[in-house]
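Hi,

Here is the structure I promised to pass on.

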Amino acid sequence: MNMISVGIIGIGNMGSAHLNCIAGGEICGMKVTAVCDIDVLKLKAAKEKYSGISTFTDYRELIKSDVDAVIIAVPHPLHADIAVCALNSGKHTLLEKPADISVTKARILNETARYSNAVFGIMFNQRTNNLFAKARKIVKGGGIGKINRSVWIITNWYRTQHYYDSGDWRATWKGEGGGVLINQAPHNLDIWQWICGMPENVTAFCSVGKYHNIEVEDDAAIYACYKDGATGVFITSTGEYPGTNRLEIDGTAGKIVIENGILKYWKLSEDTEAVSRESADSFVQIDSEYSEFSAQPETAHKGILQNFTNAVISGEELIAPGTDGINELEISNAAYLSEWCGNKKISLPVDGAEFDKILLQKQKNSSFKASETERSDGSYSRRWAVRW
Ligand SMILES: NC(=O)c1ccc[n+]([C@@H]2O[C@H](COP(=O)([O-])OP(=O)(O)OC[C@H]3O[C@@H](n4cnc5c(N)ncnc54)[C@H](O)[C@@H]3O)[C@@H](O)[C@H]2O)c1
């Protein structure tokens, strides 16, 4: 096979950007043959623009059709259900982030993927940024020794009240399943765990409507503890401007700081633990080798689409395997549960039943109203790329 046919489920902002990209011939080996949306006006517009494509209002019908693969770009609470249906039908599946809003459903999804022969990827487009990939390589290769602490301040996701008012599903427990932790921060939570691994437990403080008139959090701080004694702090917000995007990872043999599109790396000549244990001096300077790396333009969504296509056609390794999606969701579900339970320390894996029970309660009281979805612009937005 040197060309796969794909059906896109959900052609709002994100799905129509994927549609225009693929139909515009930007992904080698992939063509769009079908689209699905519950909004018939969007289907009509897509059909007018790309006359050859089939249209569906029910995703099950699209999945049953003769497409080789599907891209799922619907609101997050539907992600796992639709992906399970696609994988069970043997369709290669590329799922938008997050994997879902509940780890319970993401676990079912991963179990389904385990028994499926189909390729399963997730749109963690920020993994294509060379600085994060470089940091991961250094850390996994032992280049900073054992991690002591990571601190990520990612507060440059500024959004206005107009943004939150632009769709009634937005920033509601029922429509979206959360705020900044489930919408903007999944990219960063994923990369945090991609580089530093998964924490053993999490304590969090999430502020509901600190900067906006919304029922979910627009500000959160997570304190994470790891099995080997490392700790981590993750701070995010949609209310600060200009905000900060700064990741610092300190280890026993070096340090990494990523900020303003530069990765700074100090590699120590000796391990701090060994020096502390063995030195006869009280105050010592440890020599270090310093290097810097600059951010290159990331391939972003197109990079993930091309990689997914190559994985289907020639078995290329996925940059973001779909089963990785659960990791950042474990962290955000744990953060919510911590906040809901009086900032209690929450062990991972999260108690999915307890999380679902409280979320359901919040959804029952949610101000969500099903209504018109937003107008789609059909192109990738700079606000979805890494911003320094
Ligand atoms: N990777 C990224 O950078 C990125 C950026 C933006 C959005 N996203 C993700 O993409 C997803 C969609 O976000 P969006 O901004 O495009 O939202 P959107 O509201 O603009 O689009 C969602 C579309 O799904 C359709 N839909 C709803 N229920 C459906 C169903 N049952 N069957 C078929 N279609 C259905 C809606 O009518 C709408 O057209 C979200 O999960 C979001 O997190 C990812």
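The centres of domain 1 and domain 2, taken over C-alpha atoms, are 28 Å apart. Domain 1 covers 4–126 + 299–321, and domain 2 covers 130–297 + 328–364; these bounds come from an automatic or database domain assignment. Contact between the two involves 15 residues of domain 1 and 20 residues of domain 2, where contact means C-beta atoms, placed from the backbone, within 7 Å. On the domain 1 side, the touching residues split into eight nonpolar, four polar and three charged. Here Ala, Val, Leu, Ile, Met, Phe, Trp, Tyr, Cys and Pro count as nonpolar, Asp, Glu, Lys and Arg as charged, and the others, Gly among them, as polar.

Before going further: this is a predicted model, in which local features need pLDDT of at least 70 and side-chain atom pairs count only at pLDDT 80 or more, while totals for chains, interfaces and linings use all residues. Residues are numbered from 1 along each chain as its sequence is written.

**The core**

The largest nonpolar core has 104 residues, and Ile-9, Val-70, Ala-135 and Ala-335 touch the most other members. This core takes at least three residues from each of domain 1 and domain 2. By nonpolar core I mean a set of buried Ala, Val, Leu, Ile, Met, Phe, Trp, Tyr and Cys residues joined through C-beta atoms within 7 Å. Buried means 20 or more other C-beta atoms within 10 Å of the residue's own, exposed means 12 or fewer, and partly exposed is in between, with C-beta atoms placed from the backbone.

Leaving aside neighbours within four places in sequence, Val-70 has contacts that include Val-6, Gly-7, Ile-9 and Leu-62. Gly-7 sits in strand S1 (residues 4–9) and is buried, with 27 other C-beta atoms within 10 Å. Helices (H or I, at least four residues) and strands (E, at least two) are DSSP runs, numbered from the N terminus.

Ten of the eleven residues of helix H8 (residues 186–196) are buried, so H8 is largely enclosed by the rest of the structure. Those buried residues pack against helices H6 (130–140) and H11 (325–340), and against strands S7 (147–154), S10 (231–237) and S11 (245–251). Just after H8, Gly-197 has a positive phi of about 85°.

H11 is mostly covered too, with 14 of its 16 residues buried. Its end C-alpha atoms are 23 Å apart, which agrees with the 22 Å that 16 residues should span at 1.5 Å a residue; the expected span is 1.5 Å times one less than the number of residues.

**Around the ligand**

The shell holds 27 residues, of which Gly-10, Gly-12, Asn-13, Met-14 and Trp-384 come nearest. By type, the shell has twelve nonpolar, nine polar and six charged residues.

Two cis peptide bonds turned up:
- Lys-97 to Pro-98, with omega about -10°; Pro-98 is in the loop between strand S5 (92–95) and helix H5 (103–114).
- Leu-348 to Pro-349, with omega about -5°.

Ala-300 has a positive phi of about 50° although it is not a glycine. Ala-300 belongs to helix H10 (residues 300–314), and counts as partly exposed, with 19 C-beta neighbours inside 10 Å.

Cheers

Methods. Near = placed C-beta within 6 Å.
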